[in-house]
Structures are given as C-alpha cells and as structure tokens.
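Please keep the structure in view while working through the points.

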Amino acid sequence: MRILGIETSCDETSLALVRVERGRFVVEKMLTASQVLIHKKYGGVVPEVAAREHAETIFPVLAKMVNPKRPNVDAIAVTAGPGLITSLRVGVDVGRTLAWLWKKPLVGVNHIEGHIASNWLTNPRVAFPAVALIVSGGHTELLRIKKLGQYELMGATRDDAAGEAFDKTAQLLGLDYPGGPAVSKLAQKGNPRAVKLPRPMIASGDFDFSFSGLKTAVRSVIEAKGKKPKPADVCASFEEAVCEVLVTKTIAAAKKARAKTALLGGGVAANRRLRTLLAAAIKKELPKVRYVEPDLAWTSDNAAMIVAAGYFALQGKRRSDPLMLAPDAGWELGR
Ligand code: KG4
Ligand code: ZN
C-alpha cells in the first residue's frame, strides 16, 4: 500500500509518499519546506508566522507529490498533535479534506509516536518491550513501549527540552539558529572537561529531566568577570553535560523497563556525541539490549515518520473520521 504523510506540527511543512512492502517502508518521495530562514530573525518559531507559511506552502508541495485527480494513494496519515495548534490545523484540514475527496482511510498521528516510528524507517528489527528516548526542540521524554501502540511515559522534562537548551546556549554564544547543529559543530573543536557544568537531576532516581538550570549555568560562565572560556570549550562541556544526563537516565529506564530494544528519536537524535555515548553505554552496561537509532534523514520533523506511525495505527484498525478529526496541541503519549 502507498500512504501519504502530512506533518505541519511546528515549522516544517513536510509531505511524503511511502510504500509499505511486507512491513518494510520505502520512501518514494518526501518534500520538506523548512521555515528556518524565516524564524531565524526572531530567534525562535513564531506560531502565527508558521501557520501562515504552512497554509501558503502546503498546496504547492502537494502538487509536486501527487496528481490530485489520480492520486494513487491508499491512505493518509497526518500529525494531529502535539504541536502548535495553528500549524497543526493546516495539516489536519488538508489531510481530512483529501481523505474525504479521495474516499481513503485517514489516521491522525501523534507527533512523538512519529519520532518513535522513525526508527522503523531504518531498522524494522525491534524487540519488545522497548524504551525510547525522544529528544527534540519541544520534548524530552522516556517512554516504555510494551508493543506497537502501547506506551507508558516513564519521565519527561520539567522545564526546558534538550533541544531548547541547545538553542538557548547557541543564542547566548551568538551562534546560528537553530542552535543544536551550531553548538555540536563548534563542540568538536572544544574540550568537554574544560568548563565545569552541572548534570541536573542525574541522580534523582526518577526518569525526569531539567535543563533550565544548565542554561543559567552556561550564562554565568559566559558573563563571569575575568578570563572567559573559549566558546568551543563551552559548547563541548555543555553538550557533554546534556548527553551524560540523557544517557544515564536512558540506561536506568531500559533496566527498569526490562527493555529488549532501546530507541532514539527527535531532532536532537542527530547529535553525534549523543549517538556515540548512548551506543557505547548500552554496549557496555546492557549488552543484551539492541540499540536502534534513526538515520539522520529521519531525526528532524518529517512526514515519512508520520507515515510509519500511521501505518502501524491502521494495522491496529485505528481510523479517524475525516469530518471529525481535530488537532490536539497537548496530546500526550503514554500518560
Ligand atoms: O524534532 P525537531 O526537528 O522539532 C521538534 O519537534 O522540536 O527538533 C528540533 C530541535 C532543535 O532544538 C535543534 O536545535 C535540535 O533539534 N537539533 C540538535 C541537533 N540537530 C538539531 N541538537 C543537538 N545536536 C544536533 N546535531
Ligand atoms: Zn519533532
């Protein structure tokens, strides 16, 4: 079957056509119109601007994907939440209109479930139960996955998301937006032990996170009187602090959940240091646990991962009514 995916939860208008062949996903076409250059001047995503851009972009992108009169699509999967409500609405309205027009099944997908499912685009060999660390600009969550479609939230950030901390650190250092790629690039030239930074909540005994204090610690280091550390050392030390907390808690969560597989997902999953440290820690501490990470193409927001999650939902006989599906900005997975 061939599924059209639609993702507009934040600042990427992404559409994908994915063929599913014997449980394997073949991404035939994916187009993502990024708004990064537009939001750059504000230092973050402006919801109203994002929604307008989605509305202007989505039909031209769609026209490049399918012939609306002969779509050759068997189902439609669209992100219905969580995210920015005005952005979500654009994708959801297009998805349900097309489903109604083409008389094809529609499924509203949870964006976090999409980030989890991005792993199957690369590697479909996932044994359950699994744990997933989802780290993005809006989320930092550890989830236990009993089986496909059954999630239990083990912990989440109490304040800033990991990606947000990267973005704010970049801003403090006057680096490019979005901050994650800029900080990790500069970090490669720095010493991760040069600047002493806290590892917030690393020994809290639960699976929650807190990154706002780390941002404040970075600010004090940068604004301190006297000799200033090199920006590359600040980046490397910051990245190390974030990664150490994420890795330590993921290992603890995998133990607690008796996981057979550990999954990674979200924009921050593109971070090479995180990938390296997590893979090494699992190999050392949990050698029986299989570690799966998504290809870099599927870490930031994209419609292919929404298709993967949508396909599993359709397999589980979940359908959304094209006349009723509404976006849910606060849709929490596994609570
Ligand atoms: O998943 P995503 O594309 O959008 C949300 O759902 O939020 O994640 C975007 C976040 C941004 O905060 C960005 O700075 C961060 O992912 N990011 C990174 C890297 N690449 C993107 N953070 C750390 N290292 C990276 N290489
Ligand atoms: Zn995301």
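1. Two strands are said to pair if DSSP finds at least two bridges between them. Helices (H or I, at least four residues) and strands (E, at least two) are DSSP runs, numbered from the N terminus. Strand 1 and strand 4 (residues 75-81) pair in the parallel sense over 4 bridges; Ile6 has Val78 in strand 4 as its bridge partner.

2. This is a predicted model, in which local features need pLDDT of at least 70 and side-chain atom pairs count only at pLDDT 80 or more, while totals for chains, interfaces and linings use all residues. Residues are numbered from 1 along each chain as its sequence is written, chains are lettered from A and ligands numbered from 1 in the order in which they are written, and side-chain values use heavy atoms, with hydrogens and water left out.

3. Strand 1 also pairs with strand 2 (residues 12-21), in the antiparallel sense and over 6 bridges. Leu4 has Leu17 as its bridge partner in strand 2. The two strands form a hairpin, with 4 residues between them.

4. Is strand 1 (residues 2-7) mostly covered or uncovered? It is mostly covered, as 6 of its 6 residues are buried (under 20% relative accessible area; exposed is over 50%, partly exposed in between; 1.4 Å probe, protein chains only). One side carries Arg2, Leu4 and Ile6, the other Ile3, Gly5 and Glu7, and all are buried.

5. The zinc ion (ligand 2) is coordinated at 2.1 Å by His111 (NE2), His115 (NE2) and Asp301 (OD). Donors are N, O and S atoms within 2.8 Å of the metal (3.2 Å for Na, K and Ca); water is not among the atoms, so sites may look incomplete. His111 in helix 4 (residues 111-122) and Asp301 in the loop between strand 10 (290-292) and helix 10 (303-315) are 190 residues apart. His111 is buried at 5% relative accessible area, and Asp301 is buried at 15%.
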